[in-house]
Amino acid sequence: MEQEGEIAADYLEGLLDIADLDGDIDMDVEGDRASVSIISEGDSRDLQKLVGRDGEVLEALQELTRLAVHRETGDRSRLMLDIAGFRARKREQLTELGTKAVDEAKQTGEPVKLPPMSPFERKVVHDAVKAAGLRSESEGEEPERRVVVLPA
């Protein structure tokens, strides 16, 4: 995991240099995957360019970073990338959404279908639902795949 983080950090530092953007790289291990964050001590508006609308650029950069790690190690990477705290804020919002869906499923006794989400978003919601004591499943095909919260 640490090797993945170091390779990713080197790749991202090169990217920041090319783009002439300021940012610090923070590496960590969350569960069974490396986690790398690009943070800014000052104004993070420049880093927002690397997040893009709804995290689209962030997702693309994460895939490119995973490919860079794969090229060096030969192993598939599950590295998570966060830029300017975007994923951390998104995780909080999605956890709240999952908790509200659990409350609704408990009150109505009916399954609660959430809007289509990315794999990262679905994982966060599934974790929140499980922590609240209910089950959830994903249904549909990408890009319309969604979480359904099941009543007890």
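# Notebook: cores and salt bridges in a predicted model

I began with burial: of the 152 residues in the protein, 37% are buried (under 20% relative accessible area; exposed is over 50%, partly exposed in between, with a 1.4 Å probe and protein chains only). The model is predicted, so I note that local features need pLDDT of at least 70 and side-chain atom pairs count only at pLDDT 80 or more, while totals for chains, interfaces and linings use all residues. Residues are numbered from 1 along each chain as its sequence is written, and side-chain values use heavy atoms, with hydrogens and water left out.

**Entry 1: the outline.** I listed the secondary structure and found five helices and six strands. These are DSSP runs numbered from the N terminus (helices are H or I, at least four residues; strands are E, at least two). Along the sequence I read α-β-β-α-α-β-α-β-α-β-β. I then boxed the C-alpha atoms along the principal axes and got roughly 55 × 35 × 25 Å.

**Entry 2: contacts and surface.** I looked at contacts (heavy atoms within 4.5 Å). Of those with a separation of 6 or more, 56% join residues 24 or more positions apart. Next I looked up the surface. The protein exposes about 9,200 Å², and carbon and sulfur atoms supply 47% of it. That area comes from the Shrake-Rupley method with a 1.4 Å probe.

**Entry 3: the cores.** Which residues touch the most other members of the largest nonpolar core? I found Ile38, Leu47, Leu50, Leu81 and Ile83, in a core of 19 residues. A nonpolar core is a set of buried Ala, Val, Leu, Ile, Met, Phe, Trp, Tyr and Cys residues joined through side-chain atoms within 4.5 Å. The elements giving two or more residues to this core are α1 (2–19), β2 (33–39), α2 (45–51), α3 (56–73) and β3 (80–83). Helix α1 gives the largest share, four residues. I also noted a second, separate core of 15 residues, with Ala105, Leu114, Leu134 and Val147 among them. In soluble globular proteins, nonpolar side chains tend to be buried together.

I then picked Leu81 and listed what it touches, leaving out residues up to four places away in sequence. The list is Leu12, Val36, Ile38, Leu58, Leu61, Gln62, Thr65 and Arg87.

**Entry 4: charges.** I counted 21 positive and 35 negative side chains. Lys and Arg count as positive, Asp and Glu as negative; His and the chain ends are not counted. The centres of the two sets lie 7 Å apart, with each charge placed at NZ of Lys, CZ of Arg, CG of Asp or CD of Glu.

**Entry 5: salt bridges.** How many salt bridges does the structure hold? I found 11. Each is a side-chain nitrogen of Lys or Arg within 4 Å of a carboxyl oxygen of Asp or Glu.

- Arg53 pairs with Glu56, with the closest N and O atoms 3.4 Å apart. Arg53 is exposed at 63%, and Glu56 is partly exposed at 46%.
- Arg66 pairs with Glu63 at 3.1 Å between the closest N and O atoms. Both lie in helix α3, three residues apart, about one turn of the helix. Arg66 is buried at 16%, whereas Glu63 is partly exposed at 39%.
- Lys90 meets Glu121 at 3.3 Å, N to O. Lys90 lies in helix α4 (residues 86–108) and Glu121 in helix α5 (residues 119–131), so the pair ties together parts 31 residues apart in sequence. Lys90 is buried at 19%, and Glu121 is buried at 15%.
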